[in-house]
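Please look through the sequence and the model shown here, and keep both at hand while reading.

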Amino acid sequence: MVYIYTLLHPKGYQRRSLRANNFQALRELFSKIYFGSAEPLLKAIGNDFDHYFSQAVAQSRRAIRETIGDSGAFEIALPQRHGGKTLVSFAANGGNVIMDPSLR
């Protein structure tokens, strides 16, 4: 879900922005993807959003690496290299990302 959110924001975003309104943006995306309440998401986040987010990014990187040979451009990039922004280089550089319109 964090990977999809990142693709939906090709210019990147600050991790802290996801905390707004009790994780509203993530809750809405979760509900669209899983067709239900976002309570399981809030339970998973618990009191440690930074850990949740870091784990989600690490898992997405691993999944991309296992799926795509030369995967660097398709992984969530290191924010330190992009002014603190979370982004996928392929999308940030104008790559064509096809996304179901219902997720926007």
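Predicted model: local features only at pLDDT ≥ 70, side-chain atom pairs only at ≥ 80, totals over all residues.

Residues are numbered from 1 along each chain as its sequence is written, and side-chain values use heavy atoms, with hydrogens and water left out.

Helix α4, residues 49-67, has 19 residues and reaches 27 Å from its first C-alpha to its last, close to the 27 Å expected at 1.5 Å a residue (the expected span is 1.5 Å times one less than the number of residues). Helices (H or I, at least four residues) and strands (E, at least two) are DSSP runs, numbered from the N terminus. Within α4, the residues F49, Y52, F53, A56, V57, S60, R61 and I64 are buried, where buried means under 20% relative accessible area, exposed over 50% and partly exposed in between, with a 1.4 Å probe and protein chains only. Seen down the axis of α4, these buried residues fall within an arc of 165°, so they line one face of the helix; the arc is that of the directions from the helix axis to the C-beta atoms. The face turned away from this buried side carries the exposed residues Q59, R62, R65 and E66.

The buried residues of α4 pack against α1 (2-7), β1 (13-14), α2 (20-34), α3 (39-45) and β2 (85-86). In the largest nonpolar core, which has 26 residues, V2, L26 and F49 touch the most other members; such a core is a set of buried Ala, Val, Leu, Ile, Met, Phe, Trp, Tyr and Cys residues joined through side-chain atoms within 4.5 Å. The largest share of this core, 6 residues, comes from α4. L26 touches M1, Y5, L18, L41 and F49, leaving aside residues up to four places away in sequence, with contact meaning heavy atoms within 4.5 Å.

The structure also holds 4 salt bridges, each a side-chain nitrogen of Lys or Arg within 4 Å of a carboxyl oxygen of Asp or Glu. R15 forms one with D50, the closest N and O atoms being 3.8 Å apart; R15 lies in the loop between β1 and α2 and D50 in helix α4, so the pair ties together parts that are 35 residues apart in sequence.
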